[in-house]
Amino acid sequence: MRIKGKEHTTIWFENNIVKIIDQTKLPHQFIIKDLKIVKDAINAIKVMEVRGAPLIGATAAYGLVLSIIENNDQSFLKKSAQNLIEARPTAINLKWAVDRMMNKLSGVNSDKILDIALNEVKEICKEDVKFCENIGLNGLKIIEEIYSKKKDTINILTHCNAGWLATINWGTATSPIYHAHKKGIPIHVWVDETRPRNQGANLTSYELNEEEISNTIIADNTGGILMQRGDVDMCIVGTDRTLSTGDVCNKIGTYLKALAAHDNNVPFYVALPSSTIDWDIKNFKDIPIEERDSEELSHIDGLDENNDLKKVLIYPKKSKALNLAFDVTPAKYVTGLITEKGICEASSDALKKMFGK
Ligand code: MRU
């Protein structure tokens with residue numbers, strides 16, 4: 001998608017270096033960062049220079065390429081794979097991508113290993129773009145149906161950033177929005193700010209602005225009243241791990257938005273590629289929920305009067321803060337799952353049928 005009119009993807013490979021857009025600096029600074037060794041990839045995932053389930057999976061896959069360039073040794077590769085998986089616990093795409101790479105790379109001792117790794121990571125990225133595009137085309141049908149009845153601007157609420165910056169391109173939750181916009185359907189997006197890291201305000205609003213899609217940032221607590229007033233036609237969110245039961249783990253606050261949507265009969269859709277489905281865990285309480293540094297709550301980044309990025313403390317110094325990064329929305333509150341294969345009910349039967357498991 002576009003930044004300042006120029007097409008970009010979120011990650012690419014040039015002269016043995018992995019290039020990323022440093023998302024900790026957006027929207028105020030656009031900085032392309034080099035990842036040269038596997039530790040750079042692990043760190044980029046941990047500190048969220050790259051974030052979003054599909055993108056951290058792709059970054060981990062590229063991390064294994066860097067590991068091979070650095071030291072072509074199977075035990076080093078195995079350790080790198082473990083460290084990459086442990087960089088963030090909740091998004092299943094991380095483990096999915098590392099396992100997929102290691103299936104191709106384990107036991108390969110020839111010089112061909114680098115080509116094999118590069119081919120596989122390119123395949124992972126190509127597939128993600130295609131899947132996100134298909135999610136968009138499938139989700140477009142829902143928007144078209146709502147538009148055929150309303151014949152006026154469709155108001156869509158989204159949480160966090162499940163946009164192209166969270167994937168390789170298109171995004172998951174935003175892909176139907178981009179496709180509808182391209183078709184000329186008038187769209188307005190309510191963007192949940194998404195405290196504490198503000199991925200909605202900093203990233204979703206930024207990417208929608210760059211694509212000239214009308215959007216308004218709202219505090220995370222505002223969605224409920226907008227739904228009561230009839231100002232939300234549908235919600236679309238992404239996910240970091242969707243269980244085969246249809247339960248959806250996503251950015252903290254998603255659950256509360258789903259409850260409000262349920263109470264107000266607002267359709268609540270979740271967009272996901274199949275790489276985000278966890279076919280093993282059956283009970284949502286077993287999902288590892290990431291707890292991040294409380295400094296993400298107590299401090300906030302912004303531009304000072306000289307246009308320099310600054311971090312400031314916003315809480316009493318003595319106060320404790322709890323920073324849980326994800327929550328789970330039970331399947332019963334999900335209207336449907338928008339996947340690369342089509343739209344299905346959030347249930348084990350529907351998911352099994354759709355993915356032939
Ligand atoms: O903590 P983040 O910014 O990595 O969380 C991202 C989300 O919660 C997204 O909704 C999710 O990864 C879907 S990505 C298309």
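Which residue of β7 stands opposite I154? The residue is I187. The report below sets that pair in its sheet, then turns to the helices, the hairpin and the loops.

## Basis of the model

This is a predicted model: local features need pLDDT of at least 70, side-chain atom pairs count only at pLDDT 80 or more, and totals for chains, interfaces and linings use all residues. Residues are numbered from 1 along each chain as its sequence is written, and side-chain values use heavy atoms, with hydrogens and water left out.

Helices (H or I, at least four residues) and strands (E, at least two) are DSSP runs, numbered from the N terminus. Two strands pair if DSSP finds at least two bridges between them.

## The seven-stranded sheet

Seven strands form an open sheet. Their order is β8-β7-β6-β9-β12-β17-β18, and the pairing is mixed. The edges are β8 (214-218) and β18 (342-344). Each has a single partner strand, so one side of each is left without a neighbour in the sheet. On average, neighbouring strands are turned by 25 degrees against each other, direction ignored. Axes are lines fitted to C-alpha atoms, for helices over the stretch in contact, and angles run from 0 to 180 degrees between N-to-C directions.

Two helices that pack on this sheet are α5 (residues 113-150) and α7 (residues 199-210). Contact here means heavy atoms within 4.5 Å. Helix α5 touches β6, β7, β9 (234-237), β12 (268-271), β17 (336-339) and β18. The direction of α5 makes about 130 degrees with that of β17. Helix α7 touches β6, β7 and β8. The direction of α7 makes about 165 degrees with that of β7.

## Strands β6 and β7

Strand β6 (residues 154-158) pairs with strand β7 (residues 187-192) in the parallel sense, over five bridges. N155 stands opposite H188 in β7.

How many of the six residues of β7 are buried? Six of the six are, so β7 is largely enclosed by the rest of the structure. Buried means under 20% relative accessible area, exposed over 50%, and partly exposed in between (1.4 Å probe, protein chains only). I187, V189 and V191 point one way from β7. H188, W190 and D192 point the other way.

In α1 (residues 38-46), the buried residues are V38, A41, I42, A44 and I45. They cover an arc of only 160 degrees around the axis, which puts them on the same side of α1. The arc is that of the directions from the helix axis to the C-beta atoms. These buried residues pack against β4 (17-21), β5 (32-35), α2, α3 (74-85) and α4. Just after α1, M48 takes a positive phi of about 70 degrees.

Helix α2 (residues 53-70) packs with helix α4 (residues 92-105) at an angle of about 35 degrees. Their axes are 7 Å apart. The crossing is right-handed; that is, the near helix is turned clockwise from the far one by less than a right angle. From α2, the contact residues are A53, P54, I56, G57, A60, A61, L64, V65 and I68. From α4, they are N93, L94, A97, V98, M101, M102 and L105. By class, 14 are nonpolar, two polar and none charged. Ala, Val, Leu, Ile, Met, Phe, Trp, Tyr, Cys and Pro count as nonpolar, Asp, Glu, Lys and Arg as charged, and the others, Gly among them, as polar.

## The β14-β15 hairpin

Strands β14 (residues 299-303) and β15 (residues 309-313) pair in the antiparallel sense over five bridges. D301 stands opposite K311 in β15. The two strands form a hairpin with five residues between them. In the turn, N307 has a positive phi of about 65 degrees.

## Loops and backbone

Two cis peptide bonds deserve a look. One runs from L26 to P27, with omega near 5 degrees. P27 lies in the loop between β4 and β5. Another runs from R195 to P196, with omega near 5 degrees. P196 sits in the loop between β7 and α7.

The loop between β7 and α7 also holds N198. N198 is not a glycine, yet has a positive phi of about 60 degrees. Is N198 buried or exposed? N198 is buried, with a relative accessible area of 9%. K151, in the loop between α5 and β6, is not a glycine either and has a positive phi of about 50 degrees. K151 is exposed, with a relative accessible area of 62%.
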